[in-house]
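Look at the sequence and the model first, then read the points below.

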Amino acid sequence: EVQTGAREIAISGRELARAAVSNGAASTVTLIDVGARRVITHVKVSPGPAGLAFQPGGTVLYVACSSSTAAALLDSVDVISVEPNATAGPRVITRIPLERGAARVVFSPDGKLAFVNETGTGTVAMIDTSTHRVVERFKVGGSEHSAPSEVALSRDTFPLLVANPGVNNCSVIDGAGNVRATIPSPLNPAR
């Protein structure tokens with residue numbers, strides 16, 4: 001069964017047929033074998049797991065973790081290996097430090113980059129998935145209070161589109177990391 005505080009779900013590709021559920025209150029991720037309709041295991045992660053996504057290929061899972069405690073200065077993306085033939089089983093293989101408010105993860109179509117919105121700082125972190133390191137941060141919305149909530153990619157990764165409900169606009173980011181446009185929204189763009 002899924003543990004306490006189920007928040008979000010991600011599905012891997014057909015090759016692996018896995019699902020993952022972030023359990024915020026339990027600080028775990030539940031891995032599910034979709035074909036067999038059974039829980040594989042629960043993996044302990046950093047506090048506040050929320051958005052999660054399988055890297056294309058399905059053997060690595062990124063989990064955005066955002067602690068709500070004042071003592072936690074940084075959030076993280078916990079990287080979980082879900083390789084089916086690994087003798088150690090599913091486990092966190094690294095933690096990538098992030099700014100405040102990590103909430104969603106999205107991968108480029110080729111899986112070489114991951115993007116995580118940092119709602120507390122008005123930024124989107126770009127992660128190189130081969131090194132599991134933040135390689136760039138994009139300031140979006142024109143304010144640290146932009147609270148970026150969703151990131152969408154084009155077929156070629158860039159331009160990125162970012163919804164900023166904190167300031168009621170959307171940002172368009174080009175391949176050089178420049179905010180090319182800020183599009184005002186009369187309504188909250190995350191809805």
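A salt bridge here is a side-chain nitrogen of Lys or Arg within 4 Å of a carboxyl oxygen of Asp or Glu. By that rule, E8, R104 and E150 are linked in a network of salt bridges. The search of the whole structure finds six salt bridges.

This is a predicted model: local features need pLDDT of at least 70, side-chain atom pairs count only at pLDDT 80 or more, and totals for chains, interfaces and linings use all residues. Residues are numbered from 1 along each chain as its sequence is written, and side-chain values use heavy atoms, with hydrogens and water left out.

Terms used below

- Helices (H or I, at least four residues) and strands (E, at least two) are DSSP runs, numbered from the N terminus.
- Buried means under 20% relative accessible area, exposed means over 50%, and partly exposed lies in between (1.4 Å probe, protein chains only).
- Contact means heavy atoms within 4.5 Å.

Salt bridge E150–R104

- The side chains of E150 and R104 meet at 3.2 Å, N to O.
- This pair links distant parts of the chain, 46 residues apart. E150 sits in strand β13 (residues 150-154), and R104 sits in strand β9 (residues 102-107).
- E150 is partly exposed at 34% relative accessible area. R104 is also partly exposed, at 30%.

Salt bridge R137–E118

- The closest N and O atoms of R137 and E118 are 2.9 Å apart.
- R137 belongs to strand β12 (residues 133-139) and E118 to strand β10 (residues 113-118), so the pair ties together parts 19 residues apart in sequence.
- Which of the two is buried? E118 is, with a relative accessible area of 0%. R137 counts as partly exposed at 33%.

- The side chains of D174 and R180 form a salt bridge at 2.8 Å, N to O.
- D174 is buried, at 15% relative accessible area. R180 is exposed, at 59%.
- D174 is found in the loop between β15 (169-173) and β16 (179-184).
- The side chain of D174 also reaches the backbone nitrogen of N178, at 2.9 Å. This is a polar contact: a pair of N or O atoms within 3.5 Å, where within protein one must be able to donate a hydrogen and the other to accept it, and residues adjacent in sequence count only if both atoms are side-chain atoms.
- Leaving aside neighbours within four places in sequence, D174 is in contact with F158 and R180.

S66 in its loop

- Where is S66 found? S66 lies in the loop between β6 (60-65) and β7 (75-81).
- S66 is partly exposed, at 24% relative accessibility.
- A polar contact of 2.9 Å joins the side chains of S66 and D75.
- Apart from neighbours within four places in sequence, S66 is in contact with P47, G48, D75, G101 and A102.
- The C-alpha atoms of S66 and P109 are separated by 25 Å; these residues are 43 apart along the chain.

V124 in strand β11

- V124 is found in strand β11 (residues 123-128). V124 is buried, with a relative accessible area of 0%.
- Beyond neighbours within four places in sequence, the residues in contact with V124 include F115, V116, F138, V151 and V162. Also among them are E118 and R137, the two partners in a salt bridge described above.

Nonpolar surface patch

- I9, I11 and V34 make a nonpolar surface patch of about 280 Å².
- Patches are made of residues with over 30% relative accessible area and no salt bridge; like charges are joined within 9 Å, and nonpolar side chains (Val, Leu, Ile, Met, Phe, Trp, Tyr) within 5 Å. Accessible areas come from the Shrake-Rupley method with a 1.4 Å probe; for residues, only the protein chains shown count as cover.
- V34 lies in the loop between β3 (28-33) and β4 (38-44). V34 counts as partly exposed, at 37%.

Cysteines

- How many disulfides does the structure hold? The structure holds zero disulfides (pairs of cysteine sulfur atoms within 2.5 Å).
- C65 is buried, at 1% relative accessibility. C170 is partly exposed, at 24%.
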